[in-house]
Amino acid sequence: MKENVVIIGGGIAGMEAARQLLLLGYTPIIVEKKDHLGGHVARWHKLFPDMAPAGDLVRRLSEAISEANIFLETRITSINRLSNGYVVMLSNGVSIPCRAVLGASGFRLFDASKKEEYGYGVYNHVITNSDLEAWFNGAEDPRIVADPKAVGFVHCVGSRDLKAGNSQCSKVCCMTAVKQAIELKERFPDARIYCFYMDLRLFGKKYEDFYINAQQEYGIQFIRGRVSEVGETAEERLQVKAEDTLSGKPLKVQLDLLVLMSGMVCNPEVAEFARTIRLDVDSDGFLKSLDNVGGINRSNQPGFFYAGACTGTKTVPETLAEARAAALDIHRYLLGK
Amino acid sequence: MIDRIPSGFHPFVLPFLAGMIFVLSYCVYGIIKILVQLPGEDRRRFYLSLVTPKTVLKNIRDIFCDCLFHVKLWKRNRLLGYMHSSIAFGWFMLIVLGHVEVILFLPHRIRLFYYPIFFNYFVAETDSTIQGSLLFFLMDFFLLVVLSGIVLAMVKRVRSRLFGMRRTARPSLTNQIGLYCLWAIFPLRLLAESFTAHISGGSFLTVPANWVFRQFLGNDLNMLPTWWAYSIVLGVFMVVLPFSRYMHIPAEMMLIPMRNAGLKIRNARKGFARVQVYSCPNCGVCIDACPMSVNKANIKDCTVYLTRQLRRGNERRITEISDKCLLCGKCQAVCQVGVDGPGIRILNRAERNYALKPDYSSIDGTAIGRASAGGRVAYYGGCMTQLVPSIGRSVTSLLEKAGIDYRWIDRDGGICCGRPMWTAGRLKEAEEIVRKNEELIRATGAVTLVVSCPICYRMFRESYHLPDIEVVHYVPYIQALIAEGKLQVEHDDICYAYHDPCELGRGCQLYEEPRQLLSQVVRLSEAEKNRAESVCCGGSLGSLSLSFAQRENMTRAALENLYHSKADAIATACPLCQATFSRYADRPVRDIAEIVDLHAKANKQNKQAI
Amino acid sequence: MMDFGFKLSKSATIDLDRAGTERYEKLCALSPDARTCMACGSCSATCTAASFSGMSVRKVILGLQRGQDVRPLLSACMLCGKCTLVCPRGINTRRLILNLSKSYD
């Protein structure tokens with residue numbers, strides 16, 4: 001009989017790890033609280049830098065793991081330690097004995113309404129990066145007007161912000177904002193588009209090309225200054241205030257749409273659960289890897305492994321690479337080497 | 001009753017006399033000094049109040065309620081109330097009854113003011129009358145009352161929790177001496193009066209005690225030493241009094257009439273502030289009340305330690321304590337004496353030089369009121385509201401639904417109300433901002449000014465002079481709109497816990513109106529500590545030095561207090577509270593305006609009017 | 001003096017070797033959080049006094065680091081505290097201004 005490996009979370013990390021574990025001859029069991037696989041990526045439209053549809057990636061992964069055991073809309077109620085492994089109890093009454101568990105619980109999108117000054121949920125034309133992707137995917141959104149004259153993107157919403165409870169950089173938002181600004185400009189060629197940033201962190205392969213393109217081909221304006229207030233004019237247009245730090249002057253501009261780049265934050269429920277099974281939680285609230293260079297996949301407990309954004313912010317390719325590495329690490333562990 | 005000692009004098013009264021003369025001269029000197037320190041206008045006001053029958057009556061009532069019966073402490077904790085009032089009122093009655101005895105039996109001795117204190121030593125009982133035995137009974141009764149208070153005081157030193165106090169102030173050396181003297185005075189009095197009871201007479205306490213003592217002592221040799229000891233302890237207590245917390249006894253007698261005369265603290269160290277400082281009884285009720293005390297490191301930053309450091313003149317600590325405080329005002333609300341901790345702190349901040357000389361002349365009058373097309377009702381959101389836009393939006397939405405022809409005068413930004421400058425101790429600069437803002441508001445031609453930020457509202461009430469403009473907080477304003485039928489509201493079953501913002505509750509005494517308005521639209525559940533004892537959110541601008549990290553624990557503690565209500569969500573009425581709470585709250589935090597707006601409909605007739 | 005049609009002006013270069021940063025160091029001793037400013041400009045954008053006076057706490061910190069007199073920047077500050085509220089690094093900007101005023105005594 002094939003050996004069980006429980007995977008907590010059915011996002012791309014869990015799916016990719018399951019695919020590799022199947023190839024290695026194990027029975028991966030994915031436990032997912034939502035009613036679908038693919039996590040945040042399933043909601044996304046296109047992925048940088050190749051602009052491949054996110055749906056394709058999720059579909060490919062789903063097909064590859066058709067032989068895995070998948071529990072949707074299922075939560076983990078408890079995990080008990082045995083001398084040589086774990087028993088994972090599920091909310092549907094199933095209990096699974098296994099020698100290895102993979103944590104792939106991912107991240108939580110920052111709740112933009114917590115940054116009250118941006119008026120998410122208060123004003124009619126303020127949306128998040130995630131809302132915009134859903135709209136790109138065809139969802140209706142009355143907040144996006146038919147012919148916006150001006151659109152703003154606010155970087156670092158809930159990232160690098162002690163007041164929002166997350167002092168870390170979310171890594172992907174700068175690039176996502178550039179990508180979304182280009183996509184939006186393609187839909188609304190007449191709109192002026194502004195990106196309000198503190199630092200542009202475009203570190204990955206081809207990211208800089210996007211930046212150059214955004215400037216050269218799409219005329220997107222980059223304003224170095226963090227938006228601090230959003231008001232509304234009598235005509236119900238948004239009035240955004242920032243400092244144009246490069247010219248050293250306060251700046252205001254009227255917009256028809258404001259997109260907040262909600263950051264990736266830890267899931268406090270995961271941290272709480274982790275503590276009950278004596279898994280270390282890092283100072284940033286994410287799960288703590290054994291070390292952050294050579295042991296990102298490992299936890300402080302033998303047989304408990306990590307992949308993807310449960311240990312910190314990750315890009316999609318990083319997550320997939322980590323999932324593969326985790327599968328191999330589990331294989332090595334189960335062989336007893 | 002006859003004089004047992006013809007001269008009416010014995011040397012053992014000397015320690016008491018010396019102590020009494022010392023403390024009286026000290027107090028007379030102190031009163032004169034403080035009166036001289038008062039600004040002329042305040043002094044006149046004070047004298048006038050002393051001959052105004054209404055204030056005189058209020059003074060007498062307050063002195064009885066606060067100093068003798070400790071009504072506020074009774075409300076806090078019955079045991080604590082009994083302990084304090086038994087000692088204070090019991091002692092007061094012993095002194096009064098002592099005088100009654102002298103007047104009744106030996107009227108020619110009333111000139112000797114030690115006589116009522118040591119009456120039982122100097123007299124011999126000749127016959128027993130009903131009057132006499134009633135007096136003696138009362139004397140023994142009140143002595144018993146005081147003694148029971150003393151026993152409780154001893155218990156409190158080891159078990160303060162029984163008295164509803166988690167923490168008490170650490171006593172200083174002089175406080176300790178005073179405390180032990182106070183503990184010793186009444187048992188010694190009991191002993192002394194018991195030893196003399198077969199001569200002077202006594203009642204249910206002293207007579208049996210006398211009988212017991214005589215059974216195994218058989219002589220009167222203990223009599224004189226005990227009276228000596230009683231007098232010495234009294235004397236020591238009197239000498240220590242001005243240097244210990246017991247100074248609050250005479251100081252409070254001064255504080256109450258001064259407060260009733262409407263005096264305000266005008267100098268950090270002199271006059272009324274001095275009276276406030278000396279009135280602090282060091283009971284330490286403010287320690288548990290202080291929102292900062294959730295951080296162990298900040299326990300010594302509450303008002304009881306401020307008054308102590310002010311008396312010691314420790315400038316480094318005075319600055320530190322003054323700057324750190326959130327100015328939430330809870331210490332003053334719970335203080336039995338009502339020491340104005342926040343007021344003293346603001347004035348101490350004002351002592352410092354402010355090298356940046358601000359100049360507000362460049363502020364353009366047209367900046368405010370730009371969006372001023374509209375009627376005579378003006379809405380002033382204040383600067384903090386721009387950071388919590390849901391408040392301004394909800395207030396204006398309600399005004400629109402009610403068909404009010406209003407204008408939002410600082411929609412595109414205005415200037416600060418001046419309160420933050422004031423609390424930073426920059427009184428002159430704050431005054432300047434206030435004058436500028438008055439000018440800007442008058443220029444809008446408004447007749448009614450609706451304010452939503454309690455920080456602004458308090459400043460408008462206390463420091464603005466806008467004679468032709470009615471300044472009103474939105475809560476009563478919206479209540480009136482509903483009462484007039486201009487707004488229709490629906491009730492919902494969701495349960496809210498209302499957090500009293502410091503500036504609205506303790507600052508402006510608006511406790512019931514927000515609750516009445518909220519309960520018209522939702523269900524209300526009370527936090528553990530509410531109204532005047534509401535816990536500051538920790539975000540207050542009152543503190544100049546608390547860091548963001550230090551405030552986190554305070555906010556979490558304030559939230560725990562609200563969670564106690566088991567409500568689904570939290571309601572408040574201050575942009576600063578809302579922004580602070582939302583950071584850490586596990587449930588929604590909404591402004592009253594937002595909640596009411598969710599449940600309000602326009603009256604159909606209004607729509608036609610528009 | 002003869003007018004040559006041009007003036008000798010101070011160099012437009014910031015000479016960090018000559019910039020006096022004693023006041024900045026003194027301020028950092030009292031308000032160590034001043035060092036954590038990342039110049040995002042939130043404080044300036046939200047500032048109640050900015051539109052009247054060009055006030056900016058960001059510029060104040062930068063100016064001190066460059067050894068400039070920053071007092072004119074603070075001339076209309078009302079200590080309203082909005083800058084403290086929005087600072088993503090949690091700098092107590094209000095205390096910073098009060099501490100700075102001490103150094104100009």
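Predicted model: local features only at pLDDT ≥ 70, side-chain atom pairs only at ≥ 80, totals over all residues.

Me: How many residues are in contact between them?
Reply: Domain 1 of chain A puts in eight residues, and domain 2 of chain A puts in 16 residues. On the domain 1 side, you get three nonpolar, three polar and two charged residues.

Me: OK, what do β13 and β14 of chain A do?
Reply: Strand β13 (residues 192–197) of chain A runs parallel to strand β14 (residues 221–224) of chain A, and four bridges join the two. One place to look is Tyr197(A), which stands opposite Arg224(A) in β14(A).

Me: And which helix goes with β13(A) and β14(A)?
Reply: That's helix α5 (residues 207–216) of chain A; with β13(A) and β14(A) it makes a β-α-β unit, and the unit is right-handed.

Me: What about the peptide bond from Phe48(A) to Pro49(A), cis or trans?
Reply: That bond is cis, with omega near 0°. Pro49(A) sits in the loop between β3 (46–47) and β4 (52–53) of chain A.

Me: And Glu73(A), is its phi positive or negative?
Reply: Positive, about 50°, although Glu73(A) is not a glycine. You'll find Glu73(A) in a loop too, between β5 (69–71) and β6 (76–82) of chain A.

Me: Let's switch to chain B. How is chain B divided?
Reply: Into domain 1 (2–250), domain 2 (251–350), domain 3 (365–473) and domain 4 (482–601).

Me: How far apart are domain 2 and domain 4 of chain B?
Reply: Their C-alpha centres lie 27 Å apart. The contact between them takes 14 residues from domain 2 of chain B and 19 residues from domain 4 of chain B.

Me: Which elements on the domain 2 side of chain B give two or more residues to that contact?
Reply: α15 (315–324) and α16 (330–334) of chain B. α16(B) gives the most, with three residues. By class, that side of domain 2 has nine nonpolar, two polar and three charged residues.

Me: What pairs with β10 of chain B?
Reply: Strand β8 (residues 495–498) of chain B pairs with strand β10 (residues 569–572) of chain B in the parallel sense, over three bridges. β10(B) also pairs with strand β11 (residues 589–591) of chain B, again parallel and over three bridges.

Me: Now α8 of chain B. How many residues does it have, and how far does it reach?
Reply: Helix α8 (residues 173–200) of chain B has 28 residues and reaches 38 Å from its first C-alpha to its last. That's close to the 40 Å expected at 1.5 Å a residue.

Me: Where is the kink in α8(B)?
Reply: The kink is centred on Ser194(B), and comes to about 35°.

Me: And what follows α8(B)?
Reply: Gly201(B), and its phi is positive, near 90°.

Me: How many residues of chain C are in contact with chain A?
Reply: 17 residues of chain C are in contact with 16 residues of chain A. On the chain C side, α2 (42–46), α3 (50–53) and α4 (57–65) each supply at least two residues. The largest share, four residues, comes from α2(C). By class, the chain C side divides into seven nonpolar, seven polar and three charged residues.

Me: And how many residues does the contact between chain B and chain C take?
Reply: That contact takes 28 residues from chain B and 25 residues from chain C. The chain B side has 20 nonpolar, five polar and three charged residues.

Technical notes. Residues numbered from 1 in each chain as written. Chains lettered and ligands numbered in written order. Contact = placed C-beta atoms within 7 Å. Nonpolar A, V, L, I, M, F, W, Y, C, P; charged D, E, K, R; others polar. Pairing = 2+ DSSP bridges. Domains from an automatic or database assignment. Expected span 1.5 Å × (residues − 1). Bend = angle between axes of the 7 residues up to and from the residue. Right-handed = clockwise from strand over helix to strand, strands pointing away.
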